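Visitor: Hi! Could you walk me through this one, pockets and ligand contacts included?
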Amino acid sequence: MKPVDEHLADILGAIRELPPLELALPESYGGVLVEPVTAPVDLPPFDNSAMDGYAVLAADVAAATETSPVTLSVVGDIAAGDQGAYGIATGLCARIMTGAPLPGGADAIVPVEWTDGGTAKVTIRRSAAPGHYIRRAGEDVTAGQTVLPAGTRLGPAQIGMLAAVGRARALVRPRPRVAVLSTGSELVEPGRPVGPGQIWDSNSFALTAAVTEAGGVGFRQGTVGDDPRQVLATIEDQLAYADLIITSGGVSMGARDVVKEVLSGVGTMRFEKVAMRPGKPQGFGLLDDRVPVFTLPGNPVSAYVSFQVFVRPALRALQGLPPAPPRTVRARLTAPITSPAGLRHYLRAAVSLDEGEYTVTPAGAQGSHQVFALASSNALIVVPEDVTERAAGDPVDVLELS
Ligand code: AMP
Ligand code: MG
């Protein structure tokens with residue numbers, strides 16, 4: 001059997017990064033920048049007020065107190081978007097709004113809460129030091145500064161950053177488009193009645209959601225029965241748009257393992273036994289020299305674990321990101337576990353952080369068909385190939401699922 005790490009290395013060795021695309025900001029979410037972004041101007045671009053209040057000379061209000069307030073003449077209003085027509089001299093001030101440019105001569109902002117709010121004359125009850133509530137040009141970002149390095153995945157704050165420096169578009173490796181297909185003649189669409197021998201398809205839903213969670217765009221293609229021509233035709237149809245294809249079912253040793261049957265010898269597809277539990281039967285290869293195809297086993301837990309171990313890193317690699325597995329923590333077992341020699345074992349489990357220490361409790365049901373235990377878990381205990389048992393209290397590695 002092939003070691004897990006070797007299978008993953010083969011997968012990552014075959015994956016080429018997606019070509020960069022120039023996307024408008026609203027479409028760029030989840031994309032990974034292929035070049036650094038620099039600021040063409042300072043941010044803020046000009047000195048401006050951080051508060052609604054009055055732009056003053058700090059020296060004029062230095063003596064202002066509750067019992068001995070200072071009164072100044074208001075020369076006018078400056079709103080955000082105004083172009084700073086006023087100049088302030090001693091004895092004068094301007095009413096100013098947040099984000100409005102600081103008028104010439106002024107060197108402090110008195111917030112409106114410290115005043116009587118006057119419009120012709122204003123009475124000020126507290127002093128403000130020079131620079132008070134002024135946002136200086138360039139104090140956030142200076143012109144020429146790199147604001148986002150290459151390799152940044154664009155989330156909401158990063159997209160906001162691009163817009164704030166005037167960018168309407170970004171050059172990114174986009175979120176991979178992933179076709180997800182369930183195979184099996186027993187499968188019925190949820191919402192429809194199941195007959196004898198039938199079950200509802202769950203893999204295509206779980207895997208499409210897993211794609212979204214991993215930063216891809218999933219296209220659920222539903223189910224196809226165990227008919228060789230239909231399976232092959234449906235997979236080939238996905239090549240028109242997909243950056244990656246995931247199938248489930250039909251890859252083990254049964255007489256109707258149709259995925260394996262129709263894809264063997266196609267492209268670079270190889271079907272192998274990987275030394276892991278769950279998820280032993282795995283198929284991977286490129287179709288059309290370009291599109292990675294993962295044929296995952298049909299048992300729902302096997303398919304899901306295989307996704308986390310193999311597909312998730314591949315999705316990251318497509319975007320040029322380090323192909324890291326989900327976050328791993330060290331946790332202390334609350335119960336003993338056993339594990340087969342020679343296989344890497346992924347046990348469904350519940351991890352929690354108690355008083356600064358992670359503890360992990362393995363689920364009672366570890367069958368690869370037992371979706372309830374999976375849905376009740378938030379982690380996978382990873383038991384190395386050479387470990388056959390661990391006692392309660394022993395530390396183990398745990399992959400955190402969201
Ligand atoms: P297979 O890998 O096709 O031999 O399927 C292994 C087991 O997983 C069988 O019990 C199937 O009925 C079940 N299975 C396969 N595909 C799905 C699916 N999409 N949803 C739920 N169970 C499935
Ligand atoms: Mg099947």
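Guide: Happy to! The largest pocket has a volume of about 530 Å³. A pocket here is an open set of points on a 1 Å grid over the protein atoms alone, where a 1.4 Å probe fits, with protein on both sides within 12 Å along at least five of seven lines. This is a predicted model: local features need pLDDT of at least 70, side-chain atom pairs count only at pLDDT 80 or more, and totals for chains, interfaces and linings use all residues. Residues are numbered from 1 along each chain as written, chains are lettered from A and ligands numbered from 1 in written order, and side-chain values use heavy atoms, without hydrogens and water.

Visitor: Which elements give two or more residues to the shell around ligand 1?

Guide: Those are β13 (177–183) and β15 (199–200), strands being DSSP E runs of at least two residues.

Visitor: Switching to polar contacts, what does D201 do?

Guide: A polar side-chain atom of D201 lies 2.7 Å from a nitrogen atom of ligand 1; a polar contact is a pair of N or O atoms within 3.5 Å. For N203, a polar side-chain atom is 3.4 Å from a ligand 1 nitrogen. G250 places a backbone N or O atom 2.8 Å from an oxygen atom of ligand 1.

How values were computed:
Polar contact = N/O pair within 3.5 Å; in protein donor to acceptor, adjacent residues only side chain to side chain. Helix = DSSP H or I, 4+ residues; strand = E, 2+ residues; numbered from the N terminus. 1 Å grid on protein atoms, 1.4 Å probe; cavity = no way out; pocket = protein on both sides within 12 Å on 5 of 7 lines; lining within 4 Å. Points joined across faces, edges and corners; volume = space filled by probe spheres on them.
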